[in-house]
Every structure is written in C-alpha cells, then in structure tokens.
Amino acid sequence: PPGDGGGADDRRARQWATYAAWLGRRTPPYDCVIDGANVGFYGRNHVGAADARADLAQVDAVLRECVDRGRRPLVVLHARHLADDR
C-alpha cells in the first residue's frame, strides 16, 4: 500500500526526488531538451509495437542535429526504454 515505504508509488516518488535533486545540482549547460521517448517511438505506432524498444538511432540523430546547429541538448529518457528485461 502507498505510504508503507515499499509500494510502487513510494518507489516512483523516491526516484523522482533523486532525479530532481540531481538535475537541481546542475547549472543548465543545455539550451534545449529532447524527449527521448517521443523521439525514439516517433513513427513506430503500429500493430505489435507495444513491446518495441525506443529507436536509439533516431534519438541519436536528433541529438547530433541539435549539436550540429550549435545547441546544447539534454536528452531525457526513462530507464525502462533501455532495459532488456521486459
């Protein structure tokens, strides 16, 4: 149950707090944010795609394009899009 220190909601809250603290300790050297999931799954909405992985080459292409244009991007991508244990 929530609030017992072991529930999924508590785990997510701790993960968010850890991420927010990490992000808060950084002086933003970035001037744009890339939503890795939206970029990685763009064009992949088809039957059978529910178990598909994010297309990291697609994310990398957007990242490189931003860098080539002189931008300093921050890529945000949840670990579940990188895990092999689905």
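User: What does Val59 touch, not counting residues up to four places away in sequence?
Analyst: Val59 touches Gly36, Val39, Gly40 and Val75, where a contact means heavy atoms within 4.5 Å. Keep in mind that this is a predicted model, where local features need pLDDT of at least 70, side-chain atom pairs count only at pLDDT 80 or more, and totals for chains, interfaces and linings use all residues. Residues are numbered from 1 along each chain as its sequence is written, and side-chain values use heavy atoms, with hydrogens and water left out.

User: Ok. Which residues make up the largest nonpolar core?
Analyst: Five residues: Cys32, Ile34, Val39, Val59 and Cys66. A nonpolar core here is a set of buried Ala, Val, Leu, Ile, Met, Phe, Trp, Tyr and Cys residues joined through side-chain atoms within 4.5 Å. Buried is under 20% relative accessible area, exposed is over 50%, and partly exposed is in between (1.4 Å probe, protein chains only).

User: Which elements give two or more residues to this core?
Analyst: β1 (32–35) and α3 (56–68). Helices (H or I, at least four residues) and strands (E, at least two) are DSSP runs, numbered from the N terminus.

User: And the pattern along the sequence?
Analyst: The protein chain reads α-β-α-α-β, with three helices and two strands.

User: How much of the chain is buried?
Analyst: Of the 86 residues, 19% count as buried. As for contacts with a separation of 6 or more, 56% come from residues 24 or more positions apart.

User: Switching to rings. How many aromatic pairs are there?
Analyst: Two aromatic pairs. Rings of Phe, Tyr and Trp (its six-membered ring) pair if their centres lie within 6.5 Å; planes under 30 degrees apart are stacked, over 60 edge-to-face, and the rest tilted. Trp16 and Tyr19 form a tilted pair, 5.6 Å centre to centre with 50° between the planes.

User: Where do Trp16 and Tyr19 sit in helix α1?
Analyst: Helix α1 covers residues 8–24, and Trp16 and Tyr19 are three residues apart in it, so about one helical turn separates them. Trp16 is exposed at 58% relative accessibility, while Tyr19 is partly exposed at 27%.

User: Why is the pair of Tyr19 and Trp22 called stacked?
Analyst: Because the planes of Tyr19 and Trp22 are at 25°, with ring centres 6.0 Å apart. Tyr19 and Trp22 both lie in helix α1, again about one turn apart, and Trp22 is partly exposed at 32% relative accessibility.

User: What do the ring pairs link together?
Analyst: Trp16, Tyr19 and Trp22 are linked into a cluster.
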